[in-house]
Amino acid sequence: MLTVWGRNNSTNVKKVLWCLEELGIRYERIDVGGQYGQLDEPLYRTLNPNGLIPCLQDDDFILWESNTIVRYLAAQYGEDTLYLPDARQRASAEKWMDWASSSVVEPYKAVFHGLVRTAPEQQDKVKIAQGIEQLNRLMTIADAALSKQAYLSGDQFGIGDIPLGCQAYAWFNMQIERPELPHLQRWYQQLAQRQAFQKVIDIGLS
């Protein structure tokens with residue numbers, strides 16, 4: 001059985017859990033990080049020297065970095081489902097994974113942590129407003145792409161949809177002003193109908 005180290009309300013952990021659920025793979029999850037601590041414990045540091053979550057154990061194979069874990073799971077266990085054998089199709093999908101982690105993550109964190117994980121009296125309103133503006137602008141990029149294809153991964157759901165799908169859950173559920181993005185909305189509604197999404201993503205914001 002595979003083991004995932006990380007709390008279930010972490011966006012990066014959710015990516016891995018979503019992928020596992022889509023693949024129908026049995027796994028055990030161990031709470032670490034956030035209120036559970038343990039990230040600086042020697043045992044965990046031997047698994048992930050960065051002291052971050054998630055971390056995956058597949059027998060004696062240890063892997064960290066959430067996008068890399070998702071890619072590995074798709075390649076190792078999703079040959080007939082999530083894995084794209086065509087190199088160009090696979091790269092086209094994976095660029096959205098990296099874009100979500102490189103471009104979207106900072107304004108996302110500014111808004112999510114600012115509104116959801118910070119007490120109202122301690123919130124940096126300017127930083128949050130700047131984050132919302134940047135996040136909305138980036139979501140228009142995804143909306144434009146989704147006007148031409150059903151999913152970020154192409155014609156079918158795939159790993160390219162998972163990282164931004166986790167962030168989009170918060171974007172659509174936080175009390176913020178959002179532009180009308182019909183293609184992104186259609187894509188998000190399709191994701192929200194998936195059983196794996198409902199199990200590990202749609203658990204409330206915390």
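Buried means under 20% relative accessible area, exposed over 50%, and partly exposed in between, with a 1.4 Å probe and protein chains only. This is a predicted model, in which local features need pLDDT of at least 70 and side-chain atom pairs count only at pLDDT 80 or more, while totals for chains, interfaces and linings use all residues. Residues are numbered from 1 along each chain as its sequence is written, and side-chain values use heavy atoms, with hydrogens and water left out.

**Helix α1**

- Helices (H or I, at least four residues) and strands (E, at least two) are DSSP runs, numbered from the N terminus.
- Ten of the 13 residues of α1 are buried, so the helix is largely enclosed by the rest of the structure; among them are Lys14, Lys15, Trp18 and Cys19.
- Glycine 24, which follows α1, has a positive phi near 70 degrees.

**Strands around β1**

- Strand β1 (residues 2-5) is covered on both faces, with Leu2 and Val4 buried on one side and Thr3 and Trp5 buried on the other.
- Two strands pair if DSSP finds at least two bridges between them; β1 pairs with β2 (residues 27-30) in the parallel sense over four bridges, and tryptophan 5 has isoleucine 30 as its bridge partner in β2.
- Strand β3 (residues 55-58) runs antiparallel to β1, joined by three bridges, and its leucine 56 stands opposite valine 4.

**Nonpolar core**

- A nonpolar core is a set of buried Ala, Val, Leu, Ile, Met, Phe, Trp, Tyr and Cys residues joined through side-chain atoms within 4.5 Å.
- The largest such core has 64 residues, of which Trp18, Leu73, Leu164, Leu184 and Trp187 touch the most other members.
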